[in-house]
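Subject: Model for your review

Hello,

Here is the structure I said I would pass on. My notes on it follow below.

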Amino acid sequence: MQKFTPDPKRWAALALLCAAQFIVILDTSIIGVALPAIQADLGFSASGLSWIFNAYVIAFGGLLLLGGRLSDLFGARRIFTTGFVILTAASLLAGLASSQEILLAGRA
């Protein structure tokens, strides 16, 4: 019987996945702290503030399913890298937003 040897790169992969999960959680958590400043700076209404959080959650849930299917078709590494780049770019866009529309587009 052959002995199974784990891939030595598994710890690097785990670290990368942990970093990605941390960014996702950080992106969600920081909004709760920043809502009063966002409301003051960009003039959101009370009901509009909920869309800052909901735009992210709705898009995240839907794109998570799509990402799983695309991973099956094109490979997990390629889709993970693409998603990570898109998340980074969208977070930058939301962080630099100068209007309500740009902020919501970056969050979605």
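In which elements of the protein is confidence lowest and highest? The model is predicted, and its confidence is lowest in α1, with a mean of 87, and highest in α3, at 89. Over the protein the average pLDDT is 87, and 99% of the residues score at least 70.

Overall form

The protein has four helices and zero strands, and its elements follow the order α-α-α-α from the N terminus. Helix α1 covers 10–42, while α2 spans 46–74, α3 spans 76–95 and α4 spans 100–107. The radius of gyration is 18 Å, whereas a compact globule of 108 residues would come out near 13 Å. Along the principal axes, the C-alpha atoms fill a box of roughly 65 × 25 × 20 Å. Of the 108 residues, 19% are buried.

Largest pocket

The largest pocket holds about 870 Å³ of space. It has 28 lining residues, and those closest to its centre are Phe60, Leu63, Gly83, Phe84 and Leu87. Each of α1, α2, α3 and α4 gives at least two residues to this lining. In terms of domains, at least three lining residues come from domain 1 (45–74) and at least three from domain 2 (75–107). Sorted by class, the lining has 18 nonpolar residues, eight polar and two charged.

Second largest pocket

The second largest pocket has a volume of about 310 Å³. Its lining consists of 15 residues, with Ile30, Ile31, Ser91, Ala94 and Gly95 nearest the centre. Helices α1, α3 and α4 each supply at least two of the lining residues, and the largest share, nine residues, is from α1. The classes here are 10 nonpolar, two polar and three charged residues.

Pro8 sits in the segment before α1. Is Pro8 buried or exposed? Its relative accessibility is 68%, so Pro8 counts as exposed, the cut-off for that class being over 50%.

Ile38 belongs to helix α1. Ile38 counts as buried because its relative accessibility is 14%, and buried means under 20%. What is the C-alpha to C-alpha separation of Ile38 and Leu103 in space? The two are 9.4 Å apart, although they are 65 residues apart in sequence.

Arg107 lies in helix α4. With a relative accessible area of 4%, Arg107 is therefore buried as well, by the under 20% cut-off. From the C-alpha atom of Arg107 to that of Ala94 the separation is 6.1 Å, and the two residues are 13 apart along the chain. Ala94 was named above among the residues nearest the centre of the second largest pocket.

Regards

Definitions and conventions:
Residues numbered from 1 in each chain as written. Predicted model: local features only at pLDDT ≥ 70, side-chain atom pairs only at ≥ 80, totals over all residues. Heavy atoms only, no water. Buried < 20%, exposed > 50% of the residue type's maximum accessible area, 1.4 Å probe, protein only. 1 Å grid on protein atoms, 1.4 Å probe; cavity = no way out; pocket = protein on both sides within 12 Å on 5 of 7 lines; lining within 4 Å. Points joined across faces, edges and corners; volume = space filled by probe spheres on them. Nonpolar A, V, L, I, M, F, W, Y, C, P; charged D, E, K, R; others polar. Domains from an automatic or database assignment. pLDDT = per-residue confidence, 0-100. Rg over C-alpha atoms; globule rule 2.2 N^0.38 Å.
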